[in-house]
4 protein chains.
Amino acid sequence: MAMARTDDAPSAPRSRDADRSQQAILDAAAAEFAQHGLAGARVDRIAELAGLNKRLIYYYFGSKDDLFLAVLEAAYARIRAAEQALHLEDMPPAQALQRLTEFTWDYYIAHPEFLTFLNSENLHQGRHLAQSRKAQAVNSPLVETLGAILERGRQDGSFRGGIDPVQLYMSIAGMAYFYLSNRFTLSAIFGRDLMTPKARHERLQHISDVVLGYALRN
Amino acid sequence: MAMARTDDAPSAPRSRDADRSQQAILDAAAAEFAQHGLAGARVDRIAELAGLNKRLIYYYFGSKDDLFLAVLEAAYARIRAAEQALHLEDMPPAQALQRLTEFTWDYYIAHPEFLTFLNSENLHQGRHLAQSRKAQAVNSPLVETLGAILERGRQDGSFRGGIDPVQLYMSIAGMAYFYLSNRFTLSAIFGRDLMTPKARHERLQHISDVVLGYALRN
Amino acid sequence: MAMARTDDAPSAPRSRDADRSQQAILDAAAAEFAQHGLAGARVDRIAELAGLNKRLIYYYFGSKDDLFLAVLEAAYARIRAAEQALHLEDMPPAQALQRLTEFTWDYYIAHPEFLTFLNSENLHQGRHLAQSRKAQAVNSPLVETLGAILERGRQDGSFRGGIDPVQLYMSIAGMAYFYLSNRFTLSAIFGRDLMTPKARHERLQHISDVVLGYALRN
Amino acid sequence: MAMARTDDAPSAPRSRDADRSQQAILDAAAAEFAQHGLAGARVDRIAELAGLNKRLIYYYFGSKDDLFLAVLEAAYARIRAAEQALHLEDMPPAQALQRLTEFTWDYYIAHPEFLTFLNSENLHQGRHLAQSRKAQAVNSPLVETLGAILERGRQDGSFRGGIDPVQLYMSIAGMAYFYLSNRFTLSAIFGRDLMTPKARHERLQHISDVVLGYALRN
DNA sequence: TATGAATGAGCTTTCATTCAT
DNA sequence: CATGAATGAAAGCTCATTCAT
């Protein structure tokens, strides 16, 4: 006595509810992992936050570790999509480099959980990412874009030559990451609030100065 | 043939065994926290690693969290001591800046647990350090030293003016930190081993180039 | 041949097993708390006695203290129900007072755990009952009933006037309670078995004599 | 190279310090057992409260249970001494009975720990007292005294005959005990403070009324 | 698709007690 | 007489996970 399901999109492989439940779990898990790390996260809390039964998490994702991987992959997918929307290749080299720096800074501020996920994953020696089939595609296209920018700048004489785009990317990211990820200990050590608008502005200015001061010829 | 011990603290109210036990616990805890983070660390493993009864950990340190704080404070004390042994104030400005960059890089490589402790503490929003009485003294004297270096460089004309030592310190640290702390995810993304001698040499070279490229006038 | 169940709560959202498990835990906990007190009770033993997993105790009751409160509330509910089944209001005053005395005595003998629960709760200064929402409803209706009995007796000339029902209730209970709750130390002191049928009969007789000797207008 | 100890009393079998330490432990233990019961009492807290090393407790008393027995025996010895100081035998019967009632009430109020000790010991089914060599002497001399009072009253016509002094003693004690030992639950149930001066006065008055109303001829 | 019930293993922490001096 | 150091056992409680429906 199966009933016809008229409310489903005809070609949808899964029901809307299923998709919605999976997304709710992913969102809840992202919040929980961001706040407590992998070991500190509680499956119970994720279920409660998602408004769903705990059993469903296992039904859809298999285990806590697998769920973490899914969260991690989704986070990488989001930042990759944001990077690709920048269209740096259409800008003059110096402006493109400046824009990339700003983007990195702003993205880390808007998505602090991304930093936490990386910390967690590295604490576990990249174990989850190593098992990921999607991990290969994770390779940041930004590096290639950055390589092209540097080459264009070298050719038009604005940039010095011999800059490794991977190294520069890691430096841009690192200067932002360190400040934001370690803001609590840094605040304790330096006795100042690092997250005021003024402090944030100054940090971005400093990073830009360092990056351009390094890349620009003379 | 007992020798007079003149270099000891004037009064030793505790038996040597107590000190040794406490140090064994601290060492074991440092290893465990470094490997598994705060939530992932197991008190049982710490006790086993220390070769001591689990109860003794609570006897001396009170709780897992208090033990973590003790480990964290000890780690800060060590890096502070190492920093002060550099005597950067006796070097010419450019050399001092170069030396500081190398030191930071080398220290992070030699003491990867320090990075993990910072990650853990920041995951917990600096909660432990916030209640540390020693936290104030943690204020890195390196910043003052770096400020003096920058000022000397500005005066002798080698450095540009207007450089904030705190910002520069966080950039130096950040460029090293990001690479080393996130080496597993970075390796997965870039598909290369970041810890070969060659890769390490290149990274240090790059960081030095960036730092000096930014600080040096012209 | 399923019969319609009209005496049930209108909606039973939980499975019967859940109710049965909770009741099994309550019963086992009552036995354990009665025998060992609150601090001496072991959650492991309760679980074993209930034939259920220890985790389930926390799943349903939250903590050992909350479980104790549940046991205490259930004990109060039972004695209240038994009191209300007496229908003392339908008896002549002297007979009602006599019946109440007998009931109290018999109930304490049949439910020695009730005495132990009260001892435990008072050792902890009523901490659990104080946070009980049901505590207000615990107010023994017996006191009102007793008040009505005393008033009826005063009006028909059999009882003296001016008797506080609360005071009298506490005296009736106290004379029974002391004997039964402290029977071990009293036995040691007086060197006689207080629980033989003869001794029990004599004690009840004495209490009745005291109570009626006090209440009856001679 | 034994040194002469000139500060000791020549005939003292133990040093003053030893006596003082033992008494300190007994006092601390009494406070701890009174507050937390036997199972809830902590040897650590007793040592801390006594200002002495925990090991000494075992040196002097052997075990927590043995210490409890010592505390219990001391409590019995104190109440016995207080009872014997009453000299009820020199008073007229009714006055003596009244005085005994007052004494019992006042003593329980002044020494609430005595009630707690009895509760603890009875929770453990009198196990400790059963092992006590001094337990035989615990037999309250008050009962004999009370017996003589009742007999004198019967002979002078003021008291009714046939009163069992043990039963009456347990009733006097019980009416006081129940009120004081269970004051927290009773307060919760009746919603009134039982320990105000007024409430205490009324309770003593009631008990006296009941006792004398029972004993006095007509 | 979804859920409440249930669990084994293991967690941090506590405890009475003993060791070594 | 006195103590700080140390411990085995077990406590209350938590966790990721599975069962039954």
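Let's start at the DNA: the surface near DNA strand E is made up of 14 nonpolar, eight polar and 18 charged residues. Keep in mind as you look around that this is a predicted model. Of the 40 residues around DNA strand E, those that come nearest are Asn53(A), Arg55(A), Ala18(C), Asn53(C) and Arg55(C).

Which helices supply at least two residues each of the surface near DNA strand E? In chain A they are helix 1 (16-40) and helix 3 (54-61), and in chain C likewise helix 1 (16-40) and helix 3 (54-61). Chain B contributes through helix 2 (43-50) and helix 3 (54-61), and chain D through helix 2 (43-50) and helix 3 (54-61).

Now step back from the DNA and take chain A as a whole. Along the principal axes, the C-alpha atoms of chain A fill a box of roughly 80 × 45 × 30 Å. Of its 218 residues, 37% count as buried. If you look at contacts in chain A between residues at least 6 apart in sequence, 68% of them join residues at least 24 apart.

Next, let's set chain B beside chain A. A rotation of 180°, with 0.0 Å of shift along its axis, superposes chain B on chain A with an RMSD of 0.1 Å. The two copies are therefore related as by a two-fold rotation axis. Where does chain B come nearest to that axis? Look for Gly174(B), whose C-alpha lies 2.4 Å from the axis. Both copies use the same surface, as 100% of the contact residues of chain B recur in chain A.

One backbone detail is worth a visit before you leave. Most residues other than glycine have a negative phi. Gln125(A), however, has a phi near 60°, which is a positive value. You will find Gln125(A) in the loop between helix 6 (112-123) and helix 7 (127-131) of chain A.

Turn to chain B for its counterpart. Phi of Gln125(B) is also positive, near 60°, and the residue sits in the loop between helix 6 (112-123) and helix 7 (127-130) of chain B. Gln125(B) has 14 C-beta neighbours inside 10 Å, so it too counts as partly exposed.

Key
Residues are numbered from 1 along each chain as its sequence is written. Chains are lettered from A and ligands numbered from 1 in the order in which they are written. This is a predicted model: local features need pLDDT of at least 70, side-chain atom pairs count only at pLDDT 80 or more; totals for chains, interfaces and linings use all residues. Helices (H or I, at least four residues) and strands (E, at least two) are DSSP runs, numbered from the N terminus. A residue is buried if 20 or more other C-beta atoms lie within 10 Å of its own, exposed if 12 or fewer, and partly exposed in between; C-beta atoms are placed from the backbone. A residue is near a molecule or strand if its C-beta atom, placed from the backbone, lies within 6 Å of it. Ala, Val, Leu, Ile, Met, Phe, Trp, Tyr, Cys and Pro count as nonpolar, Asp, Glu, Lys and Arg as charged, and the others, Gly among them, as polar. Copies are superposed by least squares on the C-alpha atoms of residues with pLDDT of at least 70 in both. Two residues are in contact if their C-beta atoms, placed from the backbone, lie within 7 Å.
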